[in-house]
Amino acid sequence: MGVALHPAADAVVDLRLEEMAWQTARAALDDAGVERRDLDHVTLGGSDEIDARGISSMLLAAPSGAYLKDEMRVTDSGLAALHLGALRAASGDLQLGLVVSWSQSSVVPLEDIARMRAEPFYLRPVGLNFAIAEGLFAAALAERRGVTETAVAQRVRARLAAAAGASRSFRRDVPSVAEIAASPLLAHPLRKGHRAPVTDGAVALVLASGDWMRAHPQKRPLARIAGTEWAVDRYQLDGERLSALAVFEDTLRGVLKRAGLGSVDELDVVELEAQSAWADVALVDALGAGDAVRINPSGGAFGQNPYFCTGLVHAAEAALQVAGRAGSHQVRGARRALAHGSWGFAQQAHGFVVMEGIQA
């Protein structure tokens with residue numbers, strides 16, 4: 001019914017996290033033309049570690065609109081919150097809800113948090129973190145899928161160039177291939193210049209059930225959720241798990257089937273979450289879309305990457321595309337858009353949402 005995204009920034013230094021959540025939730029309600037009193041449920045996506053608070057929803061629930069509402073929280077990712085929110089709206093028991101997620105990553109040491117998430121007996125002592133996991137992922141992709149460092153550097157440039165022309169993305173200088181190749185090596189073959197820069201941000205979406213829409217025919221939604229799907233791969237970081245992308249491909253097939261689509265080429269737009277350009281190259285290849293499908297017109301994670309809720313940002317972008325409200329990077333005639341998010345070490349989990357435009 002409505003969406004809102006907090007303006008992308010490397011660091012939001014003039015607002016507390018709860019202020020970011022409040023402003024974004026309020027803006028989504030305004031966009032939908034509804035009031036907080038109309039809501040009967042709120043679904044939050046938040047991480048205690050990244051929020052640097054135990055049970056962070058105790059602080060964030062009220063400014064996110066959940067005071068005295070039926071509130072639930074997920075801790076996987078912002079996109080997982082949309083999955084849960086959509087299920088709640090489709091349950092027949094709840095009618096109008098709000099999904100809110102946030103990430104003020106600039107104030108926390110993400111790589112230290114990652115080490116604490118690692119398996120404690122073998123992987124944590126050797127210092128596994130997001131960078132090392134992405135390095136293993138990149139090495140597997142290079143060896144088994146033939147992804148090259150040149151292709152990766154070109155993809156970085158393409159995504160940053162797209163972000164520079166996108167309405168809600170953070171604009172950065174586009175480095176040369178040589179500058180990317182000279183950036184610090186983090187975990188072979190992953191370089192700093194290969195990774196999507198992490199930003200601060202927040203995002204909120206208002207969801208309505210079919211029953212609520214029939215009871216309020218004067219309200220016009222932005223988009224319909226035509227299908228959702230998600231799955232989690234195994235924990236091991238072996239070469240087969242890292243390079244096969246089996247969960248990505250299986251989950252993609254599942255969401256297309258749920259949305260009643262025969263192939264990915266029936267989509268107009270895809271917003272993929274790839275925390276590095278190595279992942280971007282591999283996921284686009286696994287997607288198998290033809291040239292008519294626009295992939296990451298917003299720049300993807302290279303345009304805006306509030307780490308925990310990047311997938312939900314993509315869902316908001318997908319809704320705006322099919323509503324014809326994407327702005328400077330609007331894909332002409334977009335009717336169906338696929339949003340993707342991932343979480344866990346080296347793309348362990350994948351989630352998808354298909355957004356469909358509303359017929360006049």
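In which helix is the place of glutamate 18? Glutamate 18 sits in helix α1 (residues 17-32). Helices here are DSSP runs of H or I with at least four residues, strands are runs of E with at least two, and both are numbered from the N terminus.

This is a predicted model, in which local features need pLDDT of at least 70 and side-chain atom pairs count only at pLDDT 80 or more, while totals for chains, interfaces and linings use all residues. Residues are numbered from 1 along each chain as its sequence is written, and side-chain values use heavy atoms, with hydrogens and water left out.

**The sheet**

An open sheet is built from 5 strands in the order β8-β12-β11-β9-β10, with mixed pairing. Strands β8 (223-232) and β10 (294-295) stand at the edges; each has a single partner strand, so one side of each lacks a neighbour in the sheet. Two strands count as paired if DSSP finds at least two bridges between them. Strands of a sheet pair through backbone hydrogen bonds, either parallel or antiparallel.

Strands β11 (residues 336-343) and β12 (residues 349-357) are antiparallel and share 8 bridges. Alanine 339 has valine 353 in β12 as its bridge partner.

Two helices pack on this sheet. Touching is judged by contact, meaning heavy atoms within 4.5 Å. Axes are lines fitted to C-alpha atoms, for helices over the stretch in contact, and angles run from 0 to 180 degrees between N-to-C directions.

| α5 (residues 78-90) | β8, β11 and β12 | about 55° with β12 |

**Individual residues**

Burial follows relative accessible area: buried is under 20%, exposed is over 50%, and partly exposed lies in between (1.4 Å probe, protein chains only).

Glutamate 18 counts as buried because its relative accessibility is 14%. Residues up to four places away in sequence aside, glutamate 18 touches Arg53, Leu59, Leu60 and Pro63.

Valine 147 lies in the loop between α7 (130-145) and α8. With a relative accessible area of 10%, valine 147 is buried. Beyond its neighbours within four places in sequence, valine 147 contacts Leu141, Ala142, Val152, Trp278 and Val281. Alanine 279 is 132 residues from valine 147 in sequence, yet 9.5 Å away in space, C-alpha to C-alpha.

Glutamine 154 belongs to helix α8 (residues 149-164). Its relative accessibility is 48%, so glutamine 154 counts as partly exposed. Glutamine 154 and alanine 277 are separated by 123 residues in sequence and by 8.8 Å in space, C-alpha to C-alpha.
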